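Please keep the sequence and the model open while reading.

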Amino acid sequence: MAKHDKTDIGISTLLNPVPAVMISTSNKNGENNICTVAWAGTVNSEPPMVSISLRSSRLTHDYVDETGEFVINLVNKSLAKPCDRCGVRSGRDEDKFRTCGLTPVKAKGLDYAVAIKESPVSLSCKVVSRQELGSHDMYIAEIVGITADSYLMDDNGRLCLDKAKLVAYNHGEYFLLGEKIGFFGYSLASEDIIRRRLG
Ligand SMILES: Cc1cc2nc3c(=O)[nH]c(=O)nc-3n(C[C@H](O)[C@H](O)[C@H](O)COP(=O)(O)O)c2cc1C
């Protein structure tokens with residue numbers, strides 16, 4: 001069989017890799033929750049906007065509807081296991097901040113939803129719309145604040161996200177981001193710049 005011979009494998013949500021992120025939320029009584037989401041993406045640059053899709057059965061869905069707020073917490077290697085647990089247990093049955101040993105902290109620019117202190121980067125989001133798609137409701141939200149661990153900043157105050165050792169989700173499995181093989185526009189960059197940026 002030749003390398004690029006194709007097999008029809010039907011239709012599914014096969015777009016990969018996707019992020020696995022921890023969505024932290026709170027209700028108006030100050031109860032906090034965390035839920036793992038893979039159906040998340042950037043949808044606009046100015047203003048910076050994201051989408052997350054949630055089944056209506058999730059406690060997180062209730063909390064987001066109640067406050068219009070959520071926080072996207074990026075996941076690194078040490079958060080991979082808590083991230084998985086937050087995706088297989090509901091906040092209706094356990095306090096996931098407690099069972100995962102995580103710390104809720106004030107989220108920049110939000111009134112209700114908390115961020116996860118142990119996450120390297122937390123994006124505070126305010127919902128602007130909700131669309132019912134079928135199995136999931138998609139929330140479109142504006143990013144109103146971001147905090148990052150200080151060790152991720154270089155001497156010029158630039159964020160070095162490659163230092164965060166982030167996790168990606170690929171067809172049901174978690175992967176640690178590894179080798180850097182390029183950068184935006186590198187296909188057109190000079191040998192000199194490529195050597196400087198990629199070593
Ligand atoms: C890797 C991973 C990705 C997930 N992605 C989503 C998602 O995009 N949307 C969703 O509604 N549920 C998703 N889930 C399932 C929820 O995280 C899970 O049902 C969770 O227990 C809901 O928690 P809650 O009821 O406390 O909100 C995912 C689970 C895992 C493990």
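## Helix across the sheet

Contact here means heavy atoms within 4.5 Å. With that cut-off, the predicted model shows helix α1 (residues 59-67) lying across β2, β3, β5 (49-54), β6 (69-73), β9 (121-132) and β10. The helix runs at about 55 degrees to β2.

## The seven-stranded sheet

Seven strands form an open sheet. Their order is β3-β2-β6-β9-β10-β5-β4, and the pairing is antiparallel. Which strands stand at the edges? They are β3 (32-37) and β4 (40-44). Each has a single partner strand, so one side of each lacks a neighbour in the sheet. On average, neighbouring strands of this sheet are turned by 35 degrees against each other, direction ignored.

The pairing of β2 (residues 21-26) with β3 is antiparallel and extends over six bridges. Within this part of the sheet, Ser24 stands opposite Ile34 in β3.

## Overall dimensions and burial

The protein holds four helices and twelve strands. Its C-alpha trace spans about 55 × 50 × 35 Å along the principal axes. How much of the protein is buried? Of its 199 residues, 37% count as buried.

The protein exposes about 12400 Å². Carbon and sulfur atoms supply 51% of that area. Sequence separation can be read from the contacts. Taking those between residues at least 6 apart in sequence, 58% join residues at least 24 apart.

## Tyr112 in its loop

Tyr112 sits in the loop between β7 (104-106) and β8 (114-116). Is Tyr112 buried, exposed or partly exposed? Tyr112 is partly exposed, because its relative accessible area is 34%, a value between the 20% limit for buried and the 50% limit for exposed.

Which residues does Tyr112 touch? Leaving out residues up to four places away in sequence, they are Ser26, Lys28, Thr67 and Glu69. Ser26 lies 86 residues from Tyr112 along the chain, yet their C-alpha atoms are separated by 5.9 Å. Ser26 belongs to β2, which covers residues 21-26. Thr67 falls in helix α1, residues 59-67, and Glu69 in β6, residues 69-73.

## A nonpolar surface patch

Met153, Leu159 and Leu161 make a nonpolar surface patch of about 230 Å². Where is Met153 placed? Met153 is in the loop between β10 (137-148) and β11 (167-170). With a relative accessible area of 33%, Met153 is partly exposed.

Key:
Residues numbered from 1 in each chain as written. Predicted model: local features only at pLDDT ≥ 70, side-chain atom pairs only at ≥ 80, totals over all residues. Heavy atoms only, no water. Patch = residues over 30% accessible without salt bridge, like charges linked within 9 Å, V, L, I, M, F, W, Y side chains within 5 Å. Areas by Shrake-Rupley, 256 points an atom, 1.4 Å probe, with all protein chains shown as cover. Salt bridge = Lys/Arg side-chain N within 4 Å of Asp/Glu carboxyl O. Helix = DSSP H or I, 4+ residues; strand = E, 2+ residues; numbered from the N terminus. Buried < 20%, exposed > 50% of the residue type's maximum accessible area, 1.4 Å probe, protein only. Pairing = 2+ DSSP bridges. Axes fitted to C-alpha atoms, helices over the stretch in contact; angles between N-to-C directions.
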